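Hello,

Here is the structure I said I would pass on. Please open it first, then read the notes below.

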Amino acid sequence: MKAVQIVAFGGPEHLQYGDVSTPEPGPGEVRIRVTRCGVNPVDRSQVLGRWPWLNLPHIPGSEIAGTVDALGPEVAGLHVGERVAVALRLFCNRCHYCLRGQEQLCMADPRTLTAPAIPGAFTEGGYAEYTIIPALNAIPIPANLDDDHACVAALDGLTAWHMVDQARIAAGDHVLVVGASGGLGTLFLQLVAKRGAVAHAVTGSMANADALGEYGAATIIDRTSGDVAAAARDLTGGRGMDVVLDPTGAASWVSSMGALARGGRYATCGILTGAEVTLNLAPFYAQEHEIIGSTGGSRRDLVECMAAMARHELRVPIHARFPLAQAADAMRALSDPGRLGKVLLDVV
């Protein structure tokens, strides 16, 4: 089969397209014929060497949709040719959290104390014509949902869905969405608006301002031209934001925390710009702030997200799409200054 592998840590230039052996499913596994794979910042983190325990060469790709191509022994409830999205978290289905439906907190692998157990990182991923996944991770795609949306639901969609739940966003809340032009950001805006809250978008590309408004942003803050926290307070009469949704990490930590109102909640699901931050406990306790971690989501989150997409309640802007052989160019497209939404690989 054709696949793209990381052959050395560094940058997209270390993604190599070529022939590799087609994998065979083992007990409890299925082989997926990949149709779409999202090009996600988590893939770029792998190429950069964030997870040095990866064995190279390695096939990345964690945002996967396709069709069931082959069933391993002991697999029931799926059939060859069925369209599926790949649930984001690998899980044991036995531990305390899995039995409560919180697969994203599965404690079977000690590496998950600091890194998410996801296809494409803990296993070979979707930058390939075929990939192997546990049968439990194969979630049927609604008949009226296209592969583009199903693919995005598998990572960005369920991550946004879960984090909005974690942050307890309610009608009337003022919500700051950091990184609003990205795949996660455009979904955050829609989910915030869907809950009757007021979404305020932070972006580095004001060329996307009109489009962000169409996706639910009530106001736009240009992070390149001033103090984001001050702008957030100006928009709320000096009070600040009830919730900040920030998937970017350390680079925006100070401005995000500075934007919070009394009783405000900061939620994050990523460390793309770094993991180490400093917390001043004095304003934190005096103003009853909360810091909320959110990691991916469960199979239930994916089912609910795809159902909302099938009802046309969530839209996914596609910035660019590339064939599998051009995966390196696709990864570079993540850094396009005017990017709005997703970069996809059309595998077939």
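A residue is buried when its relative accessible area is under 20%, exposed when over 50%, and partly exposed in between (1.4 Å probe, protein chains only). Helices (H or I, at least four residues) and strands (E, at least two) are DSSP runs, numbered from the N terminus. This is a predicted model: local features need pLDDT of at least 70, side-chain atom pairs count only at pLDDT 80 or more, and totals for chains, interfaces and linings use all residues. Residues are numbered from 1 along each chain as its sequence is written, and side-chain values use heavy atoms, with hydrogens and water left out.

Strand S3

S3 covers residues 29-38, and eight of its ten residues are buried. Strands count as paired if DSSP finds at least two bridges between them. S3 pairs with these strands:

- S4 (residues 63-71), antiparallel, over eight bridges. Val34 stands opposite Gly66 there.
- S6 (residues 130-134), antiparallel, over five bridges. Ile32 has Thr131 as its bridge partner.
- S15 (residues 342-346), antiparallel, over three bridges. Arg36 is bridged to Asp346.

Helices H2 and H8

How do H2 and H8 pack? H2 (residues 147-166) and H8 (residues 299-310) meet at an angle of about 110 degrees, with their axes 8 Å apart. Axes are lines fitted to C-alpha atoms, for helices over the stretch in contact, and angles run from 0 to 180 degrees between N-to-C directions. The two helices are therefore roughly perpendicular; that label spans 65 to 115 degrees, while under 35 is roughly parallel, over 145 roughly antiparallel and the rest oblique. Contact means heavy atoms within 4.5 Å. On the H2 side, the contact residues include Ala153, Gly157 and Trp161. On the H8 side, they include Leu302, Cys305 and Met309.

Thr186 lies in helix H3 (residues 183-194). Thr186 is buried, with a relative accessible area of 1%. Leaving aside neighbours within four places in sequence, Thr186 is in contact with Ala180, Ser181, Leu212, Tyr215, Pro317 and Leu340.

Ala115 sits in the loop between strand S5 (83-86) and S6. Why does Ala115 count as buried? Because its relative accessibility is 5%. Not counting residues up to four places away in sequence, Ala115 touches Trp51, Trp53 and Phe122. Ala115 and Arg50 are 65 residues apart in sequence, and their C-alpha atoms are 9.6 Å apart in space.

Best wishes
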